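Please read the following note with the sequence and the model open beside it. It is written for a student who is new to reading structures.

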There are 2 protein chains.
Amino acid sequence: MKYIGKSVNRVDGIKKVTGELKYVDDMKLPKMLYADVKRSPYPHAKLLKVDTSKAEALPGVKAVITGKDVPNRVGLYLEDKTFLATDKVRYRGEAIAAVAAETKEIAKMAIDLIDVEYEELPVVSNAVEALKPDAPLVHPDLGEYHYGPIFFPEPGTNISNHYRVRKGDVEKAFEEAEHIVENSFFVPHIQHSPIENHSAIAQMDRDGSLTIWSSCQSPYAVRKALSVAFDLPLNKIRVLSPAVGGGFGGKAGTTLEGIIIPLAKKLRGRPIKLTYSREDEFVNSFVRQGMHATIKTGVDKDGKIIGVKNNFVWDGGAYTEYGVNIVRAGGYSSSGPYDIPNLWTDSICVYTNHPVGGPYRGFGMSEIHFAIEQNIDLLAEKLGIDPVDIRRINGLKPGGSNATGEIIEQCGLLECLEDVAKNIEWGKRNPPSKTNKVRGKGIACGFKAPSMPNDVASAAIIKLNEDGTAHLLVSGQDIGQGSDTALTQIAAEALSIPPHKITIKTGDTDHTPYEWQTVASRITYCSGNAIINACEDAKEQLFELAQLALGIYKRDLVLVDGYVASKIYPDKKIAIKDLALGLSLPDGSGIHGPIIGRGSFIPPNVRNTDKFTGQGEKPVAFWTYGTQGVEIEIDKETGKVDVLKVASCFDVGKVINPNLIEGQVEGGIIQGIGSAIFEELVIENGIVKNPSFVDYKIPTADDMPEMIVNFVENPEETGPFGARGVAEPCMVPTAPAIANAVYDAIGVRIKSLPITAEKILKAIKEKEKNS
Amino acid sequence: MKYIGKSVNRVDGIKKVTGELKYVDDMKLPKMLYADVKRSPYPHAKLLKVDTSKAEALPGVKAVITGKDVPNRVGLYLEDKTFLATDKVRYRGEAIAAVAAETKEIAKMAIDLIDVEYEELPVVSNAVEALKPDAPLVHPDLGEYHYGPIFFPEPGTNISNHYRVRKGDVEKAFEEAEHIVENSFFVPHIQHSPIENHSAIAQMDRDGSLTIWSSCQSPYAVRKALSVAFDLPLNKIRVLSPAVGGGFGGKAGTTLEGIIIPLAKKLRGRPIKLTYSREDEFVNSFVRQGMHATIKTGVDKDGKIIGVKNNFVWDGGAYTEYGVNIVRAGGYSSSGPYDIPNLWTDSICVYTNHPVGGPYRGFGMSEIHFAIEQNIDLLAEKLGIDPVDIRRINGLKPGGSNATGEIIEQCGLLECLEDVAKNIEWGKRNPPSKTNKVRGKGIACGFKAPSMPNDVASAAIIKLNEDGTAHLLVSGQDIGQGSDTALTQIAAEALSIPPHKITIKTGDTDHTPYEWQTVASRITYCSGNAIINACEDAKEQLFELAQLALGIYKRDLVLVDGYVASKIYPDKKIAIKDLALGLSLPDGSGIHGPIIGRGSFIPPNVRNTDKFTGQGEKPVAFWTYGTQGVEIEIDKETGKVDVLKVASCFDVGKVINPNLIEGQVEGGIIQGIGSAIFEELVIENGIVKNPSFVDYKIPTADDMPEMIVNFVENPEETGPFGARGVAEPCMVPTAPAIANAVYDAIGVRIKSLPITAEKILKAIKEKEKNS
């Protein structure tokens, strides 16, 4: 292949490094107003009074809105919220009212003038407690909401979705087991911490058409949510996402857009901007849900796992947004990348009075693997088997079956495992750098599939220019991951045009075609396939013309370096540029006209499944498997963990761009390290205590380990040129591998994230006390 | 039909009447600079020195450019110019240098500091004189230029194109003729006078990609010209035309864009704006070419014209731009709408040192019909035949043949003639309103075809939304004529979706698909056909899905009111919205995905023709025929002409939108009245003497006559729903009808436009003196 597998420079590189790319908050439109939001100081309270009269009277204030102005219930999968609270607030920071004013300062003053009376309600601050029969209800009116087809909320409880897997007979397996281990794990809430905060501008013209500029991952999903919320037809809403400075899932949904639109409706013709503060990012956008896991595992005498019972309780926060789908993914992935014949899983999403859970790189996989991969090590220790060996025994292989009973046809997991074992020098113990330090190694596997429940579709348009260049229109967003470049390469390969001759356009629902969402590591796969289909459509048209121009049957033609050429006589050819506007026949009549290829793609998920048991389901298009091994060093005096080296290997089917995929995996590893040893949103009685980078630590350049980033290329038969996604999977094994290495180093197992110096020091001291 | 033929409100109406629509000059981009242009005070001169050093030193000046910065020759059909003069200037006002500065005022000061030394050259100020062998040459290097395929410049002369028609034996016809009349006519230069002056902004990003916002009719034509001029691939140039405040042909080409781009190249990342003054509009954009016509006509005793010899000499100005194609159109249309068995035409485009001739509503047809339609009346008078009768005798009928020998299959000319004769009450003489006034009636026919020589192609994309609404993407520009509305109606009819559910997007070469140019009354026809093809493509996909969803064969399906329904059992149906993102099959697998229709169109012109004789050519896709009759009143004391009433009838094939087409024809009539009695660019020795609305008069509301606007609907078989264009034809007969009415009123014939009060008074006095 000519352009696939090459490290083509980022197509957005120059604009990004020169600062020329304009993000939403860089935009200043004529007559623009600024919005601010009145937020609840209580995690759970009835709204008794919302008096905006003083704010409305403040000079410079142009409009004030409350929940009454935004009555429609919205939600991506389950319509459980309004953009502004109406009767009550369900988390601290929930929006109650908003203003638009001539300056940010006036907007802020007006917010302070809004008078709200609350009646505090008991706070639901623990997901497990929230399942008890007498727990206060966050959504007493749950039964009244509108649900999507695959979610099963339980009215009268705090359960917004309960996903079940019932495979084989797990109780019988436990009876037959040689050993049974049971362990509990906890993963706290963390935040995405993108460089760019959320920002959006809304403008409604006097003819009722609405334009939104938003730093969002998924303009089409935002358009749909706004259409529901504001009763607007889709052709009257234009969502533009000019640039996104990091998403990681946090910009996948609809957030602040819903607050500024009712202001824009009141102030026709004037653009209104709202940009989140960093504190808003931590508290009022989305967070990664906390999760409590209990895993009970039965194993035979050879180390083969014969039964697993999982209980995953997810802290979905005040509104479900993506939460209900994350627990579904956590459920159908609950075997981990292992062949478990008998599996019972309850994966439960619970309402609490916490910040709203949203998608976060990994979509639940990092959380469940933190539990699964430590449990495997605990099992190995109990059996006296090497951690790599127990994975060799139980790891999924072609012919094996996963949680939902799907027979796995192709799986490179063990290849990845062997590669990582070699590169991390498994079994070799290196001396620590100082005497007060100790070293350890850990290994973990992982897998992930794109979770795409319904409405999932992609489209692409390729527009050929009369000089042989082209424009590629898609709505997959480059949120930093490099999709603009990878997708351009896919079109280049499909059309035999060099990437620099193709300009990719994204993020404009009026112009760029449908894309469900930029989430789930799915863009290379889904948008890539749509692009190939679009290029095939263009190619078919080119061949129709070329067969007339060259007098050669279509079946004997091929695209080569910008030409349609004969397969047999390569010198017989005609340039794409000479066909791009159609063809004039010898009699002077033209045929066809400008060539535009259009392509669509729906992933081949088969869903004829027992919804409640999960049996027989193939809920996903493909799985990405991989392994990471780490070497760490712990300072026994301070408890500080230093990650020295990470070896990574994933089966990505086909590497589209080596430089970009390496960068992507390195980013995933660093984010994995962050979640492993630094990051936690500390929430006490519904209140986030550390909503700033002063108190919430993320890794910096100093924390970068040596990284060996490898790939296996077993082609995904349904993928573009064999590729599958790796954006999320690459951070999944990092935290459990570190946890396993910590155990290897100091002999204590930390079962809750993050593995802070404090926890380690405490564990070392307890161990010393007990020994 | 449900949406065709209905007076749907203008889709851009609210934005236009509220002032919300932003034109280019309304735009103010961050860090924008302002350009100004150094222009030649001489119509013809060598450039001896261009010293920009003082301008460059002026604080606030960011860049200064001269011809050296823009060396590539450009031109739509004939590459005879550079955007800034290099060796010499060929008209007064030609651009020599340009600056970009922080303010308009500084830019103006800098221009004054540019020191240019000239050596004046003899001025070519009359097209007929310019044909003489010893005339100075405007382009001595004519042989070196690059020509398109259908133009025949004559190096060593001032002829930029000489189009010949040689049909039958015209000399023999003259020998056999009962009567021969020969007359000469003159049509002066006029200007388009759009409400909005030309304006453009250019910005080149640091990665070399160029964005142009331009008030242009034809973004794709501008893109191509700029690609040639600046050696940029088409995928690196984005031309946006956000709104156009009137074009009439004047914004069809590339003008000021070429001046600001070299500035933008020097000042990467900074937008540069240039907006023409009204004086620039008159002198430095395009003008309608002046034209000298001589027509010799032989007629038999029954009033049947048997031979015509035409000599049309067009004053193309300093550069050809569209001129060479206008003379071609003037040539192949030189029979007028009459069946002339023997025809000899020389239609010659001549370089002069006048402002550059560009397209103007009618593309030469108003000019030649001013001559043809008076000549017919002169003939009628000579023969003692009524003017309506002579047109009945000679007017084209099905089976007749036009100038190039094309056999006319279908032609509603005589229907139009009868309708107008009735409505203008032909033969009835109404009393004048006062005793010092006289009344007269005149009639004229006309025809026009879209002139589309090569590269002519259109494309459309229709993108279906998941709520059953749609986006229509085309690049035909709504320049006031209402195409956004008409094209939306065409898509609505083709897809059975109401127009308000379709949002049309135009004018963005990165996003909206190819359109050759918005000229030649071709958008409804060409873009309309591309839209129908795009809708057919979408429909085919909808039917593919619906046949599976409904279990009904495609051939038995039909689109009805947003549903795909069974032809036989109308209740069996599925909504477009439920198919728009594809279809999930019963086994859960999805097929197809988002529905995008793409359509293209090349007009069915056949061009296998003797290029020099024009014989056998069918150079056009269709002809639009029509007639107008006028009643006027002349004040014998002042000479002032008052147009009281105009009756108009055109065969438009199919009326798409009654309100819009009536408005369009009324506008054409008023513009025809302007050219008939008010408008003339007075040029003396190469210098325009009246470049302002103080000295150049156009009609105002006071000059509006009573108008009866009718249509005949003989469907154009290749047109969308039978439609053909009428934007230009509708002003073609107005001026000759007025000239004929003037003769009817006062018995003197004014053979040069405009028919001013001065000319009439002089003619009345001369007539009185002679009688």
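1. The structure discussed here is a predicted model. Every value in this note is therefore to be read as computed from that prediction.

2. Relation of the two chains. Chain B is superposed on chain A by a rotation of 180 degrees, with 0.0 Å of shift along the axis and an RMSD of 0.0 Å. This is the relation of a two-fold axis. Which residue of chain B comes closest to the rotation axis? That residue is His511(B), whose C-alpha lies at 3.0 Å from the axis.

3. How the copies meet. Of the interface residues of chain B, 100% are also interface residues in chain A, so the copies meet through the same surface. The contact is made by 67 residues from chain B and 67 residues from chain A.

4. Area of the chain interface. The size of an interface is often expressed as the accessible area that is lost when the parts come together. Between them, chain B and chain A bury about 5,000 Å², and 53% of this area is on carbon and sulfur atoms. Within chain B, the residues that lose the most area to chain A are Asn235(B), His511(B) and Arg598(B), which together account for 13% of what that side buries.

5. How many salt bridges are counted between chain B and chain A? The count is 12. A salt bridge also joins the side chains of Glu466(A) and Arg223(B), with an N to O distance of 3.3 Å. As for polar contacts, 36 residue pairs are found across the interface of chain B and chain A, both residues of a pair being at pLDDT 80 or more. The element that gives the most to the side of chain B touching chain A is strand 19 (residues 458-464) of chain B, with five residues. By class, the residues of that side of chain B divide into 22 nonpolar, 24 polar and 21 charged.

6. Domains of chain A. The domain assignment divides chain A into domain 1 (15-121 + 198-275), domain 2 (287-452 + 608-770) and domain 3 (455-601). Between domain 1 and domain 3 of chain A, the C-alpha centres are 38 Å apart. Their contact takes 21 residues from domain 1 of chain A and 19 residues from domain 3 of chain A.

7. Area between domain 1 and domain 3. These two domains of chain A bury about 1,500 Å² between them, with 46% of it on carbon and sulfur atoms. Gln217(A), Tyr220(A) and Arg238(A) supply 40% of the area that domain 1 of chain A buries against domain 3 of chain A, more than any other three residues.

8. Pairs and elements between these domains. Two salt bridges are counted between domain 1 and domain 3 of chain A. The side chains of Arg238(A) and Asp508(A) meet in a salt bridge with an N to O distance of 2.8 Å. On the side of domain 1 of chain A that touches domain 3, helix 5 (219-230) and strand 13 (237-240) are the elements that give two or more residues. Helix 5 of chain A gives the most, with five residues. The residues of that side comprise 12 nonpolar, five polar and four charged.

9. Backbone details. In chain A, a cis peptide bond joins Leu753(A) and Pro754(A), with omega about -10 degrees. Pro754(A) lies in the loop between helix 15 (734-746) and helix 16 (757-770) of chain A. In chain B, the peptide bond from Leu753(B) to Pro754(B) is cis, with omega near -10 degrees. Asn685(A) is not a glycine, yet it has a positive phi of about 50 degrees. Where is Asn685(A) found? It is found in the loop between strand 30 (683-684) and strand 31 (687-688) of chain A.

Notes: Residues numbered from 1 in each chain as written. Chains lettered and ligands numbered in written order. Predicted model: local features only at pLDDT ≥ 70, side-chain atom pairs only at ≥ 80, totals over all residues. Heavy atoms only, no water. Contact = heavy atoms within 4.5 Å. Buried area = accessible area lost by both parts, 1.4 Å probe. Salt bridge = Lys/Arg side-chain N within 4 Å of Asp/Glu carboxyl O. Polar contact = N/O pair within 3.5 Å; in protein donor to acceptor, adjacent residues only side chain to side chain. Helix = DSSP H or I, 4+ residues; strand = E, 2+ residues; numbered from the N terminus. Nonpolar A, V, L, I, M, F, W, Y, C, P; charged D, E, K, R; others polar. Domains from an automatic or database assignment. Least-squares fit on C-alpha atoms with pLDDT ≥ 70 in both.
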